[in-house]
Amino acid sequence: ALDILRQNIRQPIKHELSDRYKGIVRIYKPPIVGQKYLVFADPSDGKEDPHAIVVTNLTGEEQACSHGMTPADMCAQIYDELIRLYNNAFNCFELNTRAGGIFSMKLEELKTTNIAPFIKSNGDIERNGKKGWWSSKPLWNKIIWNFEEAVRTLQITVYTKEALDEFNNFIVPEGEDPQKVRGAHDDFIDAWARVWFLRRYVPSTSVAKAFSFKYRES
């Protein structure tokens, strides 16, 4: 399946966000008016691990991403701009780490909108005004196996080579949980698996109404 997904690898298009952030941001498809999008971020403080932000449409096709060694506040700035670019996309972010806390505070300052309600470690939504995603090991295993199915059945479309490289370096040793190989990164794994799972929390939209009207034949 990964070999098949690699056939989709492409170069990003030219975009002002890519120019401004010197290639950290990659735009593959510009937003379409009326289309709905999802964004998830695995933030970082830029010291040991890179951040990963993934933008998809509701069918799992990658639209854009951001990946690089940047401070958490800059990562939040990029995240906010991608959300606004992609039609105020429904979004969420990893809150477990220190970088996640800094990231969250920066989003409050930026007044980032359409963030999913706080998602607890059991996967339930808690509508207490808090934002972000707090994951436990059982929930992560549920998320990653849900994503494994998406990869195996080719439900997603990935354009970023580095993301697929990470997928290749993710293994399941006998008797152990899914994990990255020694020395590898899993930032794209985290962002992709969660943005795919985030579809479960997208608010339902109102039913479209059809209106009839009288007309005069001319």
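Two strands are said to pair if DSSP finds at least two bridges between them. By that rule, strand β2 (residues 37–42) pairs with strand β3 (residues 51–57) in the antiparallel sense, over six bridges. The model is a predicted one.

**Strand β2 and its partners**

- β2 also pairs with strand β5 (residues 90–93), here in the parallel sense and over four bridges.
- Because six of the six residues of β2 are buried, the strand is largely enclosed by the rest of the structure.

**Helices α3 and α4**

- Helix α3 (residues 72–85) packs against helix α4 (residues 98–110) at an angle of about 50 degrees, and their axes are 8 Å apart.
- The crossing of α3 past α4 is right-handed.
- On the α3 side, the residues that meet α4 include Ala72, Cys75, Ala76, Tyr79 and Arg84.
- On the α4 side, Ala99, Ile102, Phe103, Lys106, Leu107 and Leu110 take part.
- Sorted by class, this contact has nine nonpolar, one polar and four charged residues.

**Helices α6 and α7**

- The axes of helix α6 (residues 161–168) and helix α7 (residues 187–197) come within 8 Å and cross at roughly 95 degrees.
- The two helices are therefore roughly perpendicular to each other.
- Glu162, Ala163, Glu166 and Phe167 of α6 meet Asp187, Phe188, Ile189 and Trp192 of α7.
- By class, the contact between α6 and α7 has five nonpolar, no polar and three charged residues.

**Leu17 in helix α2**

- Leu17 lies in helix α2 (residues 16–20).
- Is Leu17 buried or exposed? Its relative accessible area is 5%, and buried means under 20%, so Leu17 is buried.
- Apart from its neighbours within four places in sequence, Leu17 is in contact with Val25, Glu81, Leu82 and Leu85.
- Leu17 and Asn114 are 97 residues apart along the chain, and their C-alpha atoms are separated by 21 Å.

Technical notes: Residues numbered from 1 in each chain as written. Predicted model: local features only at pLDDT ≥ 70, side-chain atom pairs only at ≥ 80, totals over all residues. Heavy atoms only, no water. Buried < 20%, exposed > 50% of the residue type's maximum accessible area, 1.4 Å probe, protein only. Contact = heavy atoms within 4.5 Å. Axes fitted to C-alpha atoms, helices over the stretch in contact; angles between N-to-C directions. Parallel < 35°, antiparallel > 145°, perpendicular 65-115°, else oblique. Nonpolar A, V, L, I, M, F, W, Y, C, P; charged D, E, K, R; others polar. Left-handed = near helix turned anticlockwise from the far one by under 90°.
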